Amino acid sequence: MKRIALRRKHVPLFISGVLICVLLPLQQRQSPVAQFSALPVPVFPAADTALDCPELPDTLTRGPHPCLEVVWDGWLYAGGWDTLPQTRFWRRIINLEKDSALVSTAGDRTQLAVIAAQRWDTLSGQEKELFKDSIRQAKGLPAHTVLYVTAGKKFYYKHFEALPTVIEAVQAFEDHGVDPWYAQTILLIESPGANNRSPVGAYGPFQLMPGVARQYGLKVGKSYDERASVSRSAVAAAGLISRVCIPQAHVLASRFDIPYDERDLWFRLLVLHLYHAGVGNVEGAVARTGNPVTGQDVIRRLWRTDYKGFKNASQNYSQVALAALLEFDALVAALPQEVCSMDPAVYVARELSRTAVQTGP
């Protein structure tokens, strides 16, 4: 029998988070999608089991911390916000190391698989699409389902380090008669435990732009920038929220036939969107939400709405807020009783020092 030499090509495939190469004969290479779909598809754990974060303790639904001046929002639990797939997804990302990435559906952030982030970054655009196609097949998803791959951000969300800053900002907002929920939430998602600077120039714990900071009385210069100060930037952020974001949220909320209160979680999340994306972008996005029947429906529709500058990052903003608040609740609930008799900054510094000694260089 005549022997035929076959050329082979390496095709990348993730199995259990590890990138391997499968050799395919030339005859199977009719098209990239057909070629990849002919392979045995990887098997991943169900989204509602191994990939979800553990349930929060029941004690978190019973009230605030007995001694720490932080905000507790019972509507997170009573309204079922903690069970939404988007909230679970972002809690997972907050706890995931940056060397791992989570594959999810774009529509509702259903978790599908954990993969190696570094391996993913080395793939070409075509290879990434082939891999996503294998995920769709493994999960029985329609071919048009959009998938996202999001790297872990545990390195960024330093909620324990942010504890003293949160307490200080909460007090500053209360002193200025502004809902301290906004101080806590913004600090947990914008620049937790650090004074980060964004590519567009936002800086400090509240990620204020230079113009906004100056408008509300802060000094911003090359050698001195009050945005780095928690107390000073809290004053500016409180001014922006009370004078612009909350009044505009009332205007937008009144367009729906939905009774509401300023303390409703969906109203607070709408205010957050205004703080992050600006009035024009949020106003345009809200106009595209149709006729929601509940406050939560308003927010969930915004998560799927594009309008000018209101895109993926803006859609994610309130989702991350929900996840961060839940993570912070869990952190605070786990603190020992001794924290009640200590300066929070001293306690955090001591614990971080102990951790550094244990882990070594």
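Trainee: How many nonpolar, polar and charged residues are in the lining of the largest pocket?
Mentor: The lining has 15 nonpolar, 6 polar and 3 charged residues. Ala, Val, Leu, Ile, Met, Phe, Trp, Tyr, Cys and Pro count as nonpolar, Asp, Glu, Lys and Arg as charged, and the others, Gly among them, as polar. This is a predicted model: local features need pLDDT of at least 70, side-chain atom pairs count only at 80 or more, and totals for chains, interfaces and linings use all residues. Residues are numbered from 1 along each chain as its sequence is written, and side-chain values use heavy atoms, leaving out hydrogens and water.

Trainee: Which residues lie nearest the centre of that pocket?
Mentor: E190, Q207, H276, A313 and Y317, out of 24 lining residues. Lining residues have an atom within 4 Å of a pocket point; a pocket is an open set of points on a 1 Å grid over the protein atoms alone, where a 1.4 Å probe fits, with protein on both sides within 12 Å along at least five of seven lines.

Trainee: Which element gives the most to the lining?
Mentor: α13, with 5 residues.

Trainee: Switching to α6, at what angle does it pack with α7?
Mentor: About 155°, with the axes 8 Å apart. That makes α6 roughly antiparallel to α7 (angles over 145 degrees count as such).

Trainee: Which residues meet there?
Mentor: From α6, H159, T165, V166, A169, V170, F173 and E174; from α7, P180, Y182, A183, Q184, L187 and L188. By class, that contact has 9 nonpolar, 3 polar and 1 charged residues (contact means heavy atoms within 4.5 Å).

Key
Helix = DSSP H or I, 4+ residues; strand = E, 2+ residues; numbered from the N terminus. Axes fitted to C-alpha atoms, helices over the stretch in contact; angles between N-to-C directions. Parallel < 35°, antiparallel > 145°, perpendicular 65-115°, else oblique.
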